[in-house]
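Here are a few exercises to work through with the model open beside you. Try each task before reading its solution.

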Amino acid sequence: MRILISGGSGSLGVFCNEYLDQKHKILTVWNSNPGNCFDFNNVQGDITNRKFLEAIFKMHKPDVVLHLATVASIQQAEGMDENYLYDVNVGATKNIAELCNEYNARMIYTSSEQVYDGEHEALLTEDAPIAPPSKYAKLKLKGEEAVTSTSNNFIILRVGLLYGLSVYFTRNFFNFMYNSFSEGKKVNLFHDQMRNPLAIHDAARIIGDIIDSDIKNEILNFGGIDVVSRVDMGNKLCELAGFDKSLINPTSMKDIPNLAVGRHLTLDMSRLKSYGIEPQPMDAMIKEMLYFISLEDEE
C-alpha cells in the first residue's frame, strides 16, 4: 500500500518509517528535524499549510495516512501559542481527514490516553469518562472530534505511555532513565501513578498489523499489557541491565504542583485484542532493546 506518514521524525515516527517501509511504499513527512527520514522517501514541510498537504496527497496518492504529527507533550503545550497549538493538533487533523475522504484513504490518528479522567482505579475502556485535564489533552480530544466528524474511514488510537531507546534526536523518559543509570546517577520516578506502557518498536509493529486489518471507524486503546508504575519500570530495567536499584528515587505525583495528569491511566486492551492484535510483555521488549543497544556498542 501507499502510506503517508505525518510526524515521521518523531519518537514513534522513526520506528514506523523502518517497519512500514519493509512492506509498503511510504512517504514520510518531517518539519524541523529529519530523524531517520532521509533513509526513506521523504518530504519536508509544515502540515498546518493546506496547500502543502494538497500537494503531497496529489503526489503520493495514499491508501493510508498515518497521522502522528502533533505537539508532543503536556510540558511543550503549556508554554506555546494557543493558535499554533490549535492549527497543529486540530486544524491540520481536519484538513488531513478531508483529503483522506477525497483520495479514498483510510486515516489512522494517534490521540492520547490523557483524554480520560484517569482518577479511578478501574481499567479504562474506550467508553470510560472523558475529562482531559491539560491543554494538550483537550486538543487531542478536539483532534478526535475533527476525525470522527469528517472522515469516512478512520481509526483513532488512544496512545498510552510509550517507552524505548532511540538513537535519533527524539528522547523519552526511558532513554533518560537508561542513560542516567549507565552513568550512576539517581532518577526520580513516580511510585503512585499506574500506566500500561507500550514499547515504541512494538507500537510500530502493531500499527502495521492494524494497517493490514479491515478495522474501520473504531476508537482503540493503544497501550501495553503490563500495569506498572515508573518505579516498577525502573526496577525491571535495573534487573535486566544489571544497574543498581538504589539509583531509583521513588517520588509522588503529589510532589509536583499543578501536574495535570491522571493517576490511573490503565487501559483496557480488550477491543484491540478482539481483532487478534496483542502487545508484547514488557520483559521481552526491554530485553530486545538491550540486545540492540549491545549490538550498536559492538560496532
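## Exercise 1: the cavity lining

The largest cavity in this predicted model is lined by Leu4, Ser6, Val29, Ile47, Leu53, Ile56, Phe57, Val65 and Ile96. Your task: find which element gives the largest share of this lining, and how the lining residues divide into nonpolar, polar and charged.

Solution, step by step:

1. Begin with the cavity itself. The structure holds one cavity of 30 Å³ or more, and the volume of the largest cavity is about 30 Å³.
2. At least two lining residues come from strand 1 (2-6), and at least two from helix 2 (50-60).
3. Pick out the largest share: helix 2 supplies it, with three residues.
4. Finally, sort by class. Eight of the lining residues are nonpolar, one is polar and none is charged.

## Exercise 2: helix 6 against helix 8

Your task: work out how helix 6 (residues 173-182) and helix 8 (residues 230-241) are oriented to each other, and which residues make the contact.

Solution, step by step:

1. Take the geometry to start. The axes of helix 6 and helix 8 lie 11 Å apart, and the packing angle is about 45 degrees.
2. Classify the angle. Angles under 35 degrees count as roughly parallel and 65 to 115 as roughly perpendicular, so helix 6 and helix 8 are oblique to each other.
3. List the contact. Helix 6 brings Phe173, Phe174, Met177, Tyr178 and Phe181, while helix 8 brings Arg230, Met233, Gly234, Leu237 and Cys238.
4. Sort these residues: the contact of helix 6 with helix 8 has eight nonpolar, one polar and one charged.

## Exercise 3: helix 1 against helix 7

Your task: describe the packing of helix 1 (residues 13-20) and helix 7 (residues 200-212) in the same way.

Solution, step by step:

1. Read off the geometry. Helix 1 and helix 7 pack with axes 9 Å apart, at an angle of about 50 degrees.
2. Look at the crossing of helix 1 and helix 7, which is right-handed.
3. Find the partners. From helix 1, Phe15, Cys16, Tyr19 and Leu20 meet Ile200, His201, Ala204, Arg205, Ile207, Gly208 and Ile211 of helix 7.
4. Close with the classes: the contact of helix 1 with helix 7 comprises eight nonpolar residues, two polar and one charged.

Terms used. Residues numbered from 1 in each chain as written. Predicted model: local features only at pLDDT ≥ 70, side-chain atom pairs only at ≥ 80, totals over all residues. Heavy atoms only, no water. 1 Å grid on protein atoms, 1.4 Å probe; cavity = no way out; pocket = protein on both sides within 12 Å on 5 of 7 lines; lining within 4 Å. Points joined across faces, edges and corners; volume = space filled by probe spheres on them. Helix = DSSP H or I, 4+ residues; strand = E, 2+ residues; numbered from the N terminus. Nonpolar A, V, L, I, M, F, W, Y, C, P; charged D, E, K, R; others polar. Axes fitted to C-alpha atoms, helices over the stretch in contact; angles between N-to-C directions. Parallel < 35°, antiparallel > 145°, perpendicular 65-115°, else oblique. Contact = heavy atoms within 4.5 Å. Left-handed = near helix turned anticlockwise from the far one by under 90°.
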